[in-house]
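Q: Please take a close look at one part of this model, the helix packing. Then set it beside the strand pairing.
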Amino acid sequence: MEKVAMEGYTFVDGGVCAAKGFRAGGVYCGIKDNPDKKNDLMVVAADAMCNAAAVYTQNKVKGAPVLVMKKHLKATCGKTMAVVANSKNANTCNADGVGKAAKMCQLVADEMGLPAEQVLVASTGVIGQVLPIEPIITAVPTLVKELDY
């Protein structure tokens, strides 16, 4: 992979796991049909509780993951153990979005033996489409077991 130099930044090998104590993994679970089978679900997990912060949209419309993440960061005073995120679907402007964002956190928390509030959630993709939770339910147990440094 070619590294692009940016003034004021130092790039290190290892990606999201370059910092000691972080594991990550990603899978294609089928949130949206994708002939290339590019990953659409990921988890990053810390070995120890760590500080977390977020920058939120100023839009009046906030996606379900934003609402759940704000609630979790408030409950933990800005601490977390893991982040789960999906692509292909923003989980925004859906009546059941908050429930599904919370479910994503609970799935990861259950597999890691954590309270759900210690897991943050993010989604990116098309707005206004219902997020299919079934492929996420199926993929999370294996994904968490296969997290790697």
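A: Axes here are lines fitted to C-alpha atoms, for helices over the stretch in contact, and angles run from 0 to 180 degrees between N-to-C directions. The model is predicted, with local features requiring pLDDT of at least 70 and side-chain atom pairs pLDDT 80 or more, while totals for chains, interfaces and linings use all residues. Numbering starts from 1 along each chain as its sequence is written, and side-chain values use heavy atoms, without hydrogens and water.

The axes of helix H2 (residues 97-112) and helix H3 (residues 134-145) cross at roughly 35° and come within 9 Å. Helices (H or I, at least four residues) and strands (E, at least two) are DSSP runs, numbered from the N terminus. The H2 and H3 crossing is right-handed (the near helix is turned clockwise from the far one by less than a right angle).

On the H2 side, the contact (heavy atoms within 4.5 Å) is made by Lys 103, Met 104, Leu 107, Val 108, Glu 111 and Met 112. H3 meets them with Ile 136, Ile 137, Val 140, Pro 141, Val 144 and Lys 145. By class, this contact of H2 with H3 holds nine nonpolar, three charged and no polar residues (Ala, Val, Leu, Ile, Met, Phe, Trp, Tyr, Cys and Pro count as nonpolar, Asp, Glu, Lys and Arg as charged, the others, Gly among them, as polar).

Turning to the strands, S2 (residues 41-51) pairs (at least two DSSP bridges) with S1 (residues 22-27) in the antiparallel sense over six bridges. S2 also pairs with S3 (residues 79-86), antiparallel, over seven bridges. Met 42 in S2 stands opposite Gly 26, and its bridge partner in S3 is Ala 85.
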